[in-house]
Amino acid sequence: MSKLQDFMKLLTGNFDNREQWESLRETNPDFPLARHVNTACNDKITGLPQGFSGEFMVEESYFTAKGTTHASNHLFLFTEEEGGIRLTSYEIPEGCDKSSFTYEAMKETDYSSLKPSQRFTPALYTEKDGVWEGGSVSMFSPVLKFSLFERFSEEVLEVSESMEVNGTKTFGYDVPILYRRS
């Protein structure tokens, strides 16, 4: 099995942080109950180049805090390269509604119409002893910085994300969100 296949096996499926949320909800009521549904989606992309070895994935992320659920769904491409696995973020395909973009709702899409995100700096993940880790820092605007660090293993997907505006944190948590397969 290739490194990319091993990586995708860890990353695809249904995950939530219910265990962590249960332990923190009394002391940190703003900490979200979060869920990821990660689905490989090359089967919905037509016209992939001959010999294409990357894996596209729809990431459906749902965060519930203070009684409100917010969805943040994305299209990512994972490619194996020297040194690790690269995550490149893509724009939601044309004709798809960003607010309801899911694997199930994704229509067949031609590869040539897909556009890498201009704002997201690709992340590189490296593996050591069965644990993958990596991340990136992206400047979404001259004043808006997005930081991502992730660690993936058989046991847990550990995700740390934050947003800063002019150096002031506007989003993120003091501890990583710990997703376990559900």
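Helices (H or I, at least four residues) and strands (E, at least two) are DSSP runs, numbered from the N terminus. The model is predicted: local features need pLDDT of at least 70, side-chain atom pairs count only at pLDDT 80 or more, and totals for chains, interfaces and linings use all residues. Residues are numbered from 1 along each chain as its sequence is written, and side-chain values use heavy atoms, with hydrogens and water left out.

The chain holds 2 helices and 14 strands. The C-alpha trace spans about 55 × 40 × 30 Å along its principal axes. Contact means heavy atoms within 4.5 Å. Of the contacts with a separation of 6 or more, 47% join residues 24 or more positions apart.

Burial is given by relative accessible area: buried is under 20%, exposed over 50%, and partly exposed in between (1.4 Å probe, protein chains only). By this rule 40% of the 182 residues are buried.

Gln20 is in helix H2, residues 18-24. Gln20 counts as buried because its relative accessibility is 10%. Its side chain reaches the backbone oxygen of Pro176 at 2.8 Å, a polar contact (a pair of N or O atoms within 3.5 Å; within protein, one must be able to donate a hydrogen and the other to accept it, and residues adjacent in sequence count only if both atoms are side-chain atoms). Not counting residues up to four places away in sequence, Gln20 touches Phe31, Val175, Pro176, Ile177 and Leu178.

Val131 belongs to strand S10, residues 131-139. With a relative accessible area of 27%, Val131 is partly exposed. Apart from neighbours within four places in sequence, Val131 contacts Thr126, Arg151, Phe152 and Ser153. Gly167 is 36 residues from Val131 along the chain, and their C-alpha atoms are separated by 31 Å.

Two loop residues have a positive phi. Most residues other than glycine have a negative phi. Lys66, which is not a glycine, has a phi of about 55° and sits in the loop between strand S4 (55-65) and strand S5 (68-71). Lys66 is exposed, at 67% relative accessible area. Asn166, also a residue other than glycine, has a phi near 50°; its loop runs between strand S12 (157-165) and strand S13 (168-172). At 59% relative accessibility, Asn166 is exposed.
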